[in-house]
Amino acid sequence: MVTVTSPAPQQGAVAAAAPVPRRGAHRWVSRFTPWLFLVVPLAFLVVFTYVPVVNMFWYSFTSWDGIDPVKEPVGWRNYVEIFTRPEIFRVFLVSLYYLVGAALQLVLALYFATLLSFNTRFRNFFKGIIFFPYLINGVAIGLVFLYFFRPGGTLDATLAAFGVTEPPMWLGDPSLVNVSLAATSVWRYMGLNFVLFLGAIQSIPNELYEAADLDGASSWQKFRYIIAPGIKQIIGLSVILAISGALSVFEIPFIMTGGANGSMTFVIQTVNTAFTFSRVGLASAMAVVLLVIVLVITWVQRRIVPDERGDLS
Amino acid sequence: MKWLASAHAVGGQEPRVDDDKVNDDESEKIEMAKTHILRVVGIGAAAALVLGACSGGSTGTGESDDGSISGSITVLTNRTDIVDSVFEDYAERFREVHPDVEVAFEPVTDYEGDVSIRLNTRDYGDVLLIPNTITKDQLPTFFEPLGTVEELEKTYRFVQEQAFGGDGYGIAITGNAQGLVVNTAVWEAAGISEPPATPEDFLDALEAIEQETDAIPYYTNYADGWPLSQWQGNRGTIAGTETENLLAASEAPWTPGEEMHELDSLLYEIVSRGLAEPDPTTTNWEESKNLLGSGQVATMVLGSWAVTQMRDAAEAAGGSPEDIAYWPLPFQTDGTFRSVVGGDYKNAVSIHSENKPAARAWVEWFATESGYAESEGGLSPTVGSELPDTLAAFEPLGVELVEITPAPEGEEGLLSDIYNTAEIDLWGNVYRQRLIDIARGAADGDMDTYFDELNDRWGAARAGVTG
């Protein structure tokens, strides 16, 4: 700001008077300017992400209860326990519901993004509607949907208007609870995928569409041969996010059911282990295992779908 | 307080009656859930902060030459709802006695979660409530001894609950009894005006309420979770003062005749006979107060701290506060009802406090002079005081009050080690939620298979812990 407001001639005069040191300082400054901007975010990243993760690895080799000043090292015992207790892994079956939900979510998001990237009536309105849920706090969503799903709640009242008189218990029925929760999750996160897809689609040069129009391409052909290849990378990224999200789903089931009634997920189980059973060591090991699983899945996914640049030519 | 604390009565706390109090605050579910999530994030973050934490803390002079105390103290409290009103009055009145002491309050919304993490630093106020996650052998690490148990017991009740090695570390802020909160208007509409004396009579009474009235006979508060731990507060109603030592010594607590079996099978029967709310997964604590207050629900198992809140709710719903009464559980020993009494949270002095005399003065003043216990409808923490009017029904029934004997020296952590290792959260909600799921047919198995499973896990954990 200061340099901008200072009079131009004077600046030139200073530069002329002492060109050599000034230029050296300039080079020094320009080399470090990016780092200067990065100091604050990097500090946050290190303090709030990397240091805790390193600590988590250390805790996972102890029997720490979360409070005791002494952390007793126990070697690999926590990991052995995780892999010798089938019930710890059984909860990953619940993730399948969210995985199916995530697939549905990607398809819907892609569909709406494509639709709304063309000239549709009220397109900005619809964009807002679809993205809005993502802006709402997850806790608020959990509570709203708790009222939505309860007996005689919003959903039942709506269904009653269509003549459904005996709706099931959406959260009380163990065969439905995960479907209800996954649907809530789809409602919430579709907006994010939608915006990612929409942004990618809009970065495709307009001339391609014009050329396609001249060639008489249909909407499907435009999607198949222009849009899909053009946003391949972002689709790949979304798939990774969806898979890791399905494995580590937490917020919505935690707030709505607390993991009760067969809706326990791996992360809720980890939280219970740490804070209900005071076994922070074991819980840290569970968190490490989840991290490794997500990394492995990401790696496999990258091998299957290599990261090539989107190619429209 | 909160459903949270509750809620999540987090932690392998020592089983104590006060867990409930934690819950009774008006804290909101949202806050709770939020803080819970934050806490997860916080595990790591807090750890990170510990590395950089230096010794902060208050400054002051402590005891001056003439024996009067001075300095400034910070008091942590879970009562976020009244910290700016009632607590300010307390500070004002305290200043009249100790003019040189400055008292500042620090309200903590998710008290259990936040404070137990803060104990890893040296900066956790001068006076604080001992979190339930602290085991007794950890007390000397974090808190200043207030005197020998013998000495303290001349003035205060419930000292044993936070004592270690013969020293007392905390003084209760109030005390609670355990039993049933009932809406007597609904019970009378079903023709019952006396507390049932056996589980069978109790279940029959609930059936009568189901048939004669529109009310839901029993409300589990399953979704919030922590109200289920209120059942555990009633241990001792059947087994007596030695209940915790008996439990720690038991190989299979869910065997017929054992206390855990009797309590949990009663809950199971209530649910399996359809006497509880139809969809337990969508219950709501705040709303349940209105339901009971307005007579749409007849009964809940809660600590006596709930009575004042339920009476307020009854009044707000246009009902009569007199309809809300507190009854003992339907178990009698030699023809006498019993109710477990215990201290709520205990005020303690931080071992890192720089104004220990002032902090201590606050702890004592709060228990003896503040009137907090009376205003909460709780049992006074001082020796020789009378029953509060919330427990009026106890007097004519001749209810015997039971105080739980603490574990003997050297075994203070045994019980919590067993249930944490077994991952049976006696003071949480997970295992009783599953019990209810099985009872209502939403999970596989029946009462016997589930109790067998619990016995197996308990036995294995116990063998591991003691072996």
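In this predicted model, Thr148(B) stands opposite Asp167(B) in strand β6(B), where strands (E, at least two residues) and helices (H or I, at least four) are DSSP runs numbered from the N terminus. Residues are numbered from 1 along each chain as its sequence is written, while chains are lettered from A and ligands numbered from 1 in the order in which they are written. Because the model is predicted, local features need pLDDT of at least 70 and side-chain atom pairs count only at pLDDT 80 or more, whereas totals for chains, interfaces and linings use all residues.

Strands of a sheet pair through backbone hydrogen bonds, either parallel or antiparallel. Here 3 strands of chain B form an open sheet in the order β4-β6-β5, with antiparallel pairing. The edge strands of this sheet are β4 (147-148) and β5 (163-164) of chain B, each of which pairs on one side only.

Another strand of chain B to follow is β13 (residues 336-343), which is mostly covered, with 7 of its 8 residues buried. A residue counts as buried if 20 or more other C-beta atoms, placed from the backbone, lie within 10 Å of its own, as exposed if 12 or fewer do, and as partly exposed in between. Strand β8 (residues 175-183) of chain B is joined to β13(B) by 3 bridges in the antiparallel sense, and Gly175(B) stands opposite Gly343(B) in β13(B). Strand β12 (residues 332-333) of chain B is also antiparallel to β13(B), joined to it by 2 bridges, and here Thr333(B) stands opposite Thr336(B). β12(B) and β13(B) form a hairpin with 2 residues between them, and Asp334(B) in the turn has a positive phi of about 50°. With strand β15 (residues 400-403) of chain B, by contrast, β13(B) pairs in the parallel sense over 4 bridges, and Arg338(B) stands opposite Glu400(B) in β15(B).

In helix α13 (residues 285-293) of chain B, the buried residues are Trp285(B), Ser288(B), Lys289(B), Leu291(B), Leu292(B) and Gly293(B), and the helix is followed by Gly295(B), whose phi is positive, near 85°. In helix α14 (residues 306-316) of chain B, the buried residues include Ala306(B), Val307(B), Met310(B) and Arg311(B), and after this helix comes Gly318(B), again with a positive phi near 85°.

Chain A has 16 helices and 0 strands, and 32% of its 313 residues count as buried. The chain is divided into domain 1 (2-59) and domain 2 (79-304), with bounds that come from an automatic or database domain assignment, and the C-alpha centres of these two domains lie 39 Å apart. Among contacts in chain A between residues at least 6 apart in sequence, 72% join residues at least 24 apart, a contact being two residues whose C-beta atoms, placed from the backbone, lie within 7 Å.

Arg188(A) lies in helix α10 (residues 177-202) of chain A and counts as buried because 20 other C-beta atoms lie within 10 Å. Leaving aside its neighbours within four places in sequence, Arg188(A) is in contact with Pro133(A), Tyr134(A), Ile141(A) and Ile252(A).

Where the chains meet, 38 residues of chain A are in contact with 38 residues of chain B. On the side of chain A that touches chain B, α3 (19-59), α8 (138-149), α14 (251-256) and α15 (266-276) of chain A each supply at least two residues, and α3(A) gives the most, with 7 residues. The residues of this side divide into 22 nonpolar, 11 polar and 5 charged, where Ala, Val, Leu, Ile, Met, Phe, Trp, Tyr, Cys and Pro count as nonpolar, Asp, Glu, Lys and Arg as charged, and the others, Gly among them, as polar.

As for confidence, the predictor gives the complex an ipTM of 0.74 and a pTM of 0.78. The mean pLDDT of chain B is 85, and 86% of its residues reach 70 or more, pLDDT being the predictor's confidence in each residue, from 0 to 100. Over residues 1-65 of chain B, however, pLDDT stays under 50, and for these residues the model has 188 contacts beyond four places in sequence.

Key
Pairing = 2+ DSSP bridges.
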